[in-house]
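Here is a short tour of one chain, meant to be read with the structure open beside you. Turn the view as you go and follow the residues by number.

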Amino acid sequence: MRKWYIPLTVVGVGGLGFLLLTERGRRSLRWLAANLHRAPEALLDWNEAAQRELERIQSALNRVAESMQAE
């Protein structure tokens, strides 16, 4: 793993340089700052959708378990 420290560091610094030094990176940072206030809503919506999906999967697993017990 130690042989990966320098390449990963270079990639990380390059990514930061892209964000800070290029117009596209600065535009992306401005968009992120402008839309950050919407993040909690989006995360809550995603969380609710994920919870509904987990409940659907759980009910399907319960039906499978019940059908296996009936045999």
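Is Arg 30 buried, partly exposed or exposed? At 47% relative accessibility, Arg 30 counts as partly exposed, where buried means under 20% relative accessible area, exposed means over 50% and partly exposed lies in between, using a 1.4 Å probe and protein chains only.

## About the model

This is a predicted model, in which local features need pLDDT of at least 70 and side-chain atom pairs count only at pLDDT 80 or more, while totals for chains, interfaces and linings use all residues. Residues are numbered from 1 along each chain as its sequence is written, and side-chain values use heavy atoms, with hydrogens and water left out.

## Where two helices meet

Let us begin with helix α1 (residues 5–21) and helix α2 (residues 23–35), which pack at an angle of about 80 degrees with their axes 5 Å apart. Helices here are DSSP runs of H or I with at least four residues, strands are runs of E with at least two, and both are numbered from the N terminus. The axes are lines fitted to C-alpha atoms, for helices over the stretch in contact, and angles run from 0 to 180 degrees between N-to-C directions. The two helices α1 and α2 are therefore roughly perpendicular to each other; that label covers 65 to 115 degrees, with under 35 degrees roughly parallel, over 145 roughly antiparallel and the rest oblique.

On the α1 side, Phe 18, Leu 19, Leu 20 and Leu 21 meet Glu 23, Arg 24, Gly 25, Arg 26 and Leu 29 of α2, a contact being heavy atoms within 4.5 Å. The residues of this contact of α1 with α2 divide into five nonpolar, one polar and three charged. In this scheme Ala, Val, Leu, Ile, Met, Phe, Trp, Tyr, Cys and Pro count as nonpolar, Asp, Glu, Lys and Arg as charged, and the others, Gly among them, as polar.

## Two residues of helix α2

Leu 29 is found in helix α2 and is partly exposed, at 33% relative accessibility. Leaving aside residues up to four places away in sequence, Leu 29 touches Leu 19 and Leu 20. The C-alpha atoms of Leu 29 and Ser 67 are separated by 53 Å, and the two residues are 38 apart along the chain.

Asn 35 also lies in helix α2, and this residue is buried, with a relative accessible area of 16%. A polar atom of the Asn 35 side chain lies 2.9 Å from the backbone oxygen of Trp 31.

## Salt bridges

Side chains of opposite charge can pair when their charged atoms come close. How many salt bridges are there? The count comes to three, taking a salt bridge as a side-chain nitrogen of Lys or Arg within 4 Å of a carboxyl oxygen of Asp or Glu.

Glu 23 meets Arg 26 in a salt bridge (3.2 Å, N to O), and Glu 23 also meets Arg 30 in one (2.9 Å, N to O). Glu 23 is partly exposed at 42% relative accessibility, and Arg 26 is partly exposed with a relative accessible area of 32%. Being three residues apart in helix α2, Glu 23 and Arg 26 are separated by about one helical turn. Elsewhere, Arg 56 forms a salt bridge with Glu 53, with the closest N and O atoms 2.5 Å apart. Salt bridges that share partners join Glu 23, Arg 26 and Arg 30 into one network.

Note on methods
A polar contact is a pair of N or O atoms within 3.5 Å; within protein, one must be able to donate a hydrogen and the other to accept it, and residues adjacent in sequence count only if both atoms are side-chain atoms.
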